[in-house]
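Visitor: Please show me the model, and then take me through the words used for it one at a time.

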Amino acid sequence: MTFSRIIVASLALPTISAFVTPHAASHAAAKTSSSLYAAELNGWVPDESKFAFGLPGSLDPAEEFDPFGFAEDADLNQIKSYREAETTHGRVAMLAVIGFLVTEAPLGFHPLFATGARDIGPAIRHLDEVRVAAPFFFEVLALIIGAAEVGRALKGWEQPGNEENIVLKKDYYPGDIGFDPLGLKPDNFEEFAEMSTKELQHGRLAMLGIAGIVAQELINGKEIFVNFGLAPDTFDPSSLPVTF
């Protein structure tokens, strides 16, 4: 009797599956594919109907801020490239702002290259001191930057000349190179989007800030805190090893 039931069930399965529409099957497959895609992209599922395909970073008081229309006609691959560039430049700018503020007066913390006890002036001229003290430093720096860029490229970039002609890998979230030594990265998209937005906002502010700092120091050769009146102007430009 049990054997007969198994035979009947086996014959009935193909008949039942015939009533499942192709649309429903494809919808289920698409849903599974989207879930896997989202898992690879920190929970982000690109949505063409949303600004920048739904990437984090748009918030009050200027939501969807894009005065030059870069995102308006960009496809998914271009949007990901834009975000990769924005995130990377923002991180470099944040490090640069910290470097400028810490090494200049009144803090003046620059212990390397035998400059710790000296007033070496605005940060835009600090590499002059490095060039004199350790000329080989620039070759070492170039190797370090090159290694970091190669690692980033291997992590998220497609091979040049690929068939689809895309820059970033499909399963690569822009800017997520896997560097998280303190384990701060959230495990759900809502918290990840909030953290990503904070990073982007700080990076955007830092890019504007470092541009202003460099421009101001190029104009008058004074440290930024000296320009603000928060530190005394004690630097002698004639002490520089390279004079312009």
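Guide: A salt bridge is a side-chain nitrogen of Lys or Arg within 4 Å of a carboxyl oxygen of Asp or Glu. This is a predicted model, in which local features need pLDDT of at least 70 and side-chain atom pairs count only at pLDDT 80 or more, while totals for chains, interfaces and linings use all residues. Residues are numbered from 1 along each chain as its sequence is written, and side-chain values use heavy atoms, with hydrogens and water left out.

Visitor: Why is the contact of D176 with K185 called a salt bridge?

Guide: The closest N and O atoms of D176 and K185 are 2.7 Å apart, and the limit is 4 Å, so the pair counts as a salt bridge. By this rule the count comes to 11 salt bridges.

Visitor: What makes K185 partly exposed?

Guide: K185 has a relative accessible area of 38%. Buried means under 20%, exposed over 50% and partly exposed in between, with a 1.4 Å probe and protein chains only, so K185 is partly exposed.

Visitor: How do you know that E86 and R204 form a salt bridge, and what does the pair tie together?

Guide: Their closest N and O atoms are 2.5 Å apart, and so they meet the salt-bridge rule. E86 lies in helix α3 (residues 76-103) and R204 in helix α6 (residues 189-220), so the pair ties together parts that are 118 residues apart in sequence; helices here are DSSP runs of H or I with at least four residues, numbered from the N terminus. E86, at 22% relative accessibility, counts as partly exposed, and R204, at 25%, also counts as partly exposed.

Visitor: What makes E199 and R91 a link between helices?

Guide: Their side chains meet in a salt bridge of 2.6 Å, N to O. E199 lies in helix α6 and R91 in helix α3, so this pair ties together parts that are 108 residues apart in sequence.

Technical notes
Helices (H or I, at least four residues) and strands (E, at least two) are DSSP runs, numbered from the N terminus.
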